[in-house]
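Reader: Hi! Could you walk me through this one? I have a few quick things to ask.

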Amino acid sequence: MLAVTLLAPSTLLGATQQPRSLKQLIHTADVIVRGTVQSVTPGPHKEEDAFSTTVVIAVREQWKGHRLSILRLIQSQGTQGGITQAVPGHPTFLVGEEVILFVVQEGGGQYHVLGGKQGKFSIQTDPRSGKRVIEDLTGARSDLTTFLARLGAPAKTGP
């Protein structure tokens, strides 16, 4: 399989964004949800975005934004005809993965993850302690309960 990375300015956005604090993510996001990845599928393939992937998230908990039961993300990366386009800074998703997402709504009702990888936190079980932890884009882990407490109060008071 041939892997291709296109380096157009619009696709570099995720890789060149300034680091954001949790407070900045909370303030800027239109929607903040916790959910499970239900599917990751190629498409829709529009001429202007031949490589795209649709990620469907079943929403379990929500702290900000209009209520959703399903969140659909369209990412401008994917595989088509044996060619893969990866966009630096864009998050990747696995079916069954539990995540907390900070999302911005675009025109046409589409959503994207705020700050690229910065707006995606994976929820995992620490194999040593058995505790639930949250992992950020750097791979750093922290206690899920502590993270949710930090997230809950400011996000619920937002617009």
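Predicted model: local features only at pLDDT ≥ 70, side-chain atom pairs only at ≥ 80, totals over all residues.

Reader: Nice. What is the volume of that pocket?
Author: The second largest pocket comes to about 250 Å³.

Reader: And which residues lie nearest its centre?
Author: Those are Arg 20, Gln 118, Phe 121, Asp 136 and Leu 137, out of 18 residues that line the second largest pocket.

Reader: Which helices and strands each supply at least two residues of that lining?
Author: On the helix side, helix 2 (22-28) and helix 3 (144-156) do. Strand 10 (132-135) and strand 11 (141-143) do as well.

Reader: Let me zoom out. How many helices and strands does the chain have?
Author: The chain has three helices and 11 strands. Reading from the N terminus, the order is β-α-α-β-β-β-β-β-β-β-β-β-β-α.

Reader: What percentage of the residues is buried?
Author: Of the 159 residues in the chain, 42% are buried.

Reader: OK, salt bridges next. How many does the count come to?
Author: The count comes to seven salt bridges. One of them pairs the side chains of Arg 34 and Glu 61, at 3.4 Å from N to O. Arg 34 lies in strand 2 and Glu 61 in strand 3, so this pair ties together parts that are 27 residues apart in sequence.

Reader: Is Arg 34 buried or exposed?
Author: Arg 34 counts as buried because its relative accessibility is 7%, under the 20% cut-off.

Reader: Which residue does Glu 98 form a salt bridge with?
Author: Glu 98 pairs with Arg 60, and the closest N and O atoms are 3.0 Å apart. Since Glu 98 lies in strand 7 (residues 98-105) and Arg 60 in strand 3, the pair ties together parts that are 38 residues apart in sequence. Glu 98 counts as buried at 13% relative accessibility, whereas Arg 60 is exposed, with a relative accessible area of 57%.

Reader: Which residues do salt bridges with shared partners join into one network?
Author: Arg 34, Arg 60, Glu 61, Glu 98 and Arg 132 are joined into one network that way.

Reader: What about Arg 141, which side chain does it meet in a salt bridge?
Author: Arg 141 meets Glu 135, with 3.0 Å from N to O. Arg 141 counts as partly exposed, at 40% relative accessibility.

Reader: Last one, where does Phe 51 lie?
Author: Phe 51 is in the loop between strand 2 (31-42) and strand 3. With 17% relative accessibility, Phe 51 counts as buried. The C-alpha atoms of Phe 51 and Gln 75 are separated by 8.5 Å, with the two residues 24 apart along the chain.

Reader: Great, thanks a lot!

Definitions and conventions:
Residues numbered from 1 in each chain as written. Heavy atoms only, no water. 1 Å grid on protein atoms, 1.4 Å probe; cavity = no way out; pocket = protein on both sides within 12 Å on 5 of 7 lines; lining within 4 Å. Points joined across faces, edges and corners; volume = space filled by probe spheres on them. Helix = DSSP H or I, 4+ residues; strand = E, 2+ residues; numbered from the N terminus. Buried < 20%, exposed > 50% of the residue type's maximum accessible area, 1.4 Å probe, protein only. Salt bridge = Lys/Arg side-chain N within 4 Å of Asp/Glu carboxyl O.
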